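This briefing goes through one protein model by topic. Keep the sequence and the structure in view while reading.

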Amino acid sequence: MTTLSFPFLRAMEKPKRSINRMETPPPLAQLPENLSAERVLEVQHYTNRLFGFTITRPASFRFRAGEFVMIGLRTAERPLMRAYSIASAPSAEALEFYSIIVPDGPLTSRLCQIKPGDEVLMARKATGTLVLDALTPATRLFLVSTGTGFAPFASILREPETYAKFKQVIVTHTCRDAAELRYSADVVNALPDDPLVGEAAAFHVMRYATCTRGSCQRRGRITDLMQSGKAFADMGIAPLSPAHDRVMICGSLGFNHNMQALLMRAGFTEGSNAAPGEFLVEKAFVG
Ligand SMILES: Cc1cc2nc3c(=O)[nH]c(=O)nc-3n(C[C@H](O)[C@H](O)[C@H](O)COP(=O)(O)OP(=O)(O)OC[C@H]3O[C@@H](n4cnc5c(N)ncnc54)[C@H](O)[C@@H]3O)c2cc1C
Ligand SMILES: NC(=O)c1ccc[n+]([C@@H]2O[C@H](COP(=O)([O-])OP(=O)(O)OC[C@H]3O[C@@H](n4cnc5c(N)ncnc54)[C@H](OP(=O)(O)O)[C@@H]3O)[C@@H](O)[C@H]2O)c1
C-alpha cells in the first residue's frame, strides 16, 4: 500500500497551537497579605474559548490534588479574583490552570490576553472537596467531567497517591465538540512519560471522551451513556457499583445534579472532607 503525504492535511489534523515561553520578567509591586503576585510562564490556546497557562509557584504554597485557588488580575479598584482548579500535581514546580474564555466575562475577557512574563494574582490558600482523603477505599476511581471541569482531574491523574489508593482510574470528559476535548487528551497522553506516575498511569488509566454537538468518535452526554450502560460496554468494564467504585464529579450545575442523582439511585453516598464517602461533587463554574 502506498502512503501519500499531504503536509497541509497533517497540519489540519493537528492545529498549530501557540506556545510562548517566559523571557525576562519585570519587577513586581506590593500586594495585600492574602495574595501573591506570580508570573506567567507559558500560555497555550486550544480553541477560541479555551486556553491553558502556567504560573510561578510561591515556595510556601501547598495544595492537595483536586483543590482550587482564587486567581486573578489587578484592576484600578481592587484585585479581580475567581476560583480556579489547579491542574498541576501537588509536587510540580509551576502551577497549571485550564480556562474558559467568557467573551464578556469580567476576568476571562482579560485573562485570555496574558503572555509569558505578565502578572497573575493568586490567593495563598487552596481548598476544595475533590480530594482523595474524602473518599473511602475502593478498587476503581471514576473522574467524571464536562468542559473545564476536567481541570481538577488533571491534578488527580498526576498525583502518585491516586494510584496507591486505586487499581484503576477511569476519567471521562464530555464537551460540545471534539476540539474542546484536546486538553484532556494531551494530559492523559502525557501521563506515561510522567516521572512520578508514568508506570502506574500507563496501565491503570482509561480515558472516555464524548461530544454532544459536533462530530467526534463517541457522541452523547455521559449521564445518558452511563444510564444506558453503553459507556461501560464501550470500555469493556463492569458498571458502576458502590461496592468497588468511588466517583468524583466536576462540571456545570445541571450536569452535577444529573450525575449526583444517577449515583444516588445506584446506592452511592456523598462524602466530604469531614466525612469521607463514595462520591464527591464540585462545580466547574457558577451560573
Ligand atoms: C470551585 C470552582 C472552580 C473553578 N475552576 C475553574 C477552572 O479551573 N477553569 C475555568 O475556566 N473556570 C473555573 N471556574 C469558573 C471561574 O471561577 C470563573 O467563573 C471563570 O473564570 C469566568 O470568569 P469571568 O469573570 O470571566 O466570568 P464570570 O462572571 O465568573 O462568569 C460569567 C458566566 O460565564 C459562564 N462560565 C464561567 N466559567 C465557566 C466555565 N469554566 N465553563 C463554562 N462556562 C463558564 C457562566 O455561565 C457564568 O455565569 C471555577 C469556579 C468554581 C466555583
Ligand atoms: N460562543 C460559543 O462558541 C460557545 C460555545 C459553547 C458554549 N458556549 C457558552 O458557554 C457556556 C458553557 O458552555 P460549555 O459547553 O462549556 O458547558 P455546558 O453547556 O455545560 O456543556 C458541556 C458539556 O456538558 C454537557 N451537559 C450540559 N448539561 C448537562 C447535563 N445536565 N447532564 C449531562 N451533560 C450535560 C453538554 O451537553 P449538551 O451539548 O447536550 O448540552 C456538553 O457536552 C454556556 O453558557 C454556552 O452557551 C458558547
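Of the 287 residues of the protein, 38% are buried, meaning that 20 or more other C-beta atoms, placed from the backbone, lie within 10 Å of a residue's own. The model is predicted: local features need pLDDT of at least 70 and side-chain atom pairs count only at pLDDT 80 or more, while totals for chains, interfaces and linings use all residues. Residues are numbered from 1 along each chain as its sequence is written, and chains are lettered from A and ligands numbered from 1 in the order in which they are written.

**Overall fold**
- The secondary structure comes to nine helices and 12 strands; these are DSSP runs numbered from the N terminus, with helices (H or I) of at least four residues and strands (E) of at least two.
- Of the contacts in the protein with a separation of 6 or more, 70% are between residues 24 or more positions apart; a contact means C-beta atoms, placed from the backbone, within 7 Å.

**Nonpolar core**
- The largest nonpolar core has 73 residues; such a core is a set of buried Ala, Val, Leu, Ile, Met, Phe, Trp, Tyr and Cys residues joined through C-beta atoms within 7 Å.
- Phe 97, Leu 143, Leu 157 and Ile 249 have the most contacts inside this core.
- Helix H3 gives the most to this core, with five residues.
- Domain 1 (35-123) and domain 2 (132-281) each supply at least three residues to this core; the bounds come from an automatic or database domain assignment.
- Beyond its neighbours within four places in sequence, Ile 249 is in contact with Val 144, Asn 256, Met 259, Gln 260, Phe 279, Leu 280 and Val 281.

**Helix H5**
- Tyr 183, Ser 184, Val 187 and Val 188 are buried in H5 (residues 182-190).
- Seen down the axis of H5, these buried residues fall within an arc of 125 degrees, so they line one face of the helix; the arc is that of the directions from the helix axis to the C-beta atoms.
- Among the elements they pack against are strand S2 (35-47), helix H3 (151-157) and strand S10 (205-211).

**Around ligand 2**
- Ligand 2 is surrounded by 14 residues, and the closest are Thr 146, Gly 147, Thr 212, Ser 252 and Gly 254; a residue counts if its C-beta atom, placed from the backbone, lies within 6 Å.
- Helix H9 gives the most to this shell, with three residues.

**Ser 91**
- Ser 91 sits in the loop between strand S5 (80-85) and S6.
- Ser 91 is exposed, with 10 other C-beta atoms within 10 Å, the limit for exposed being 12 or fewer.

Note on methods. Contact = placed C-beta atoms within 7 Å.
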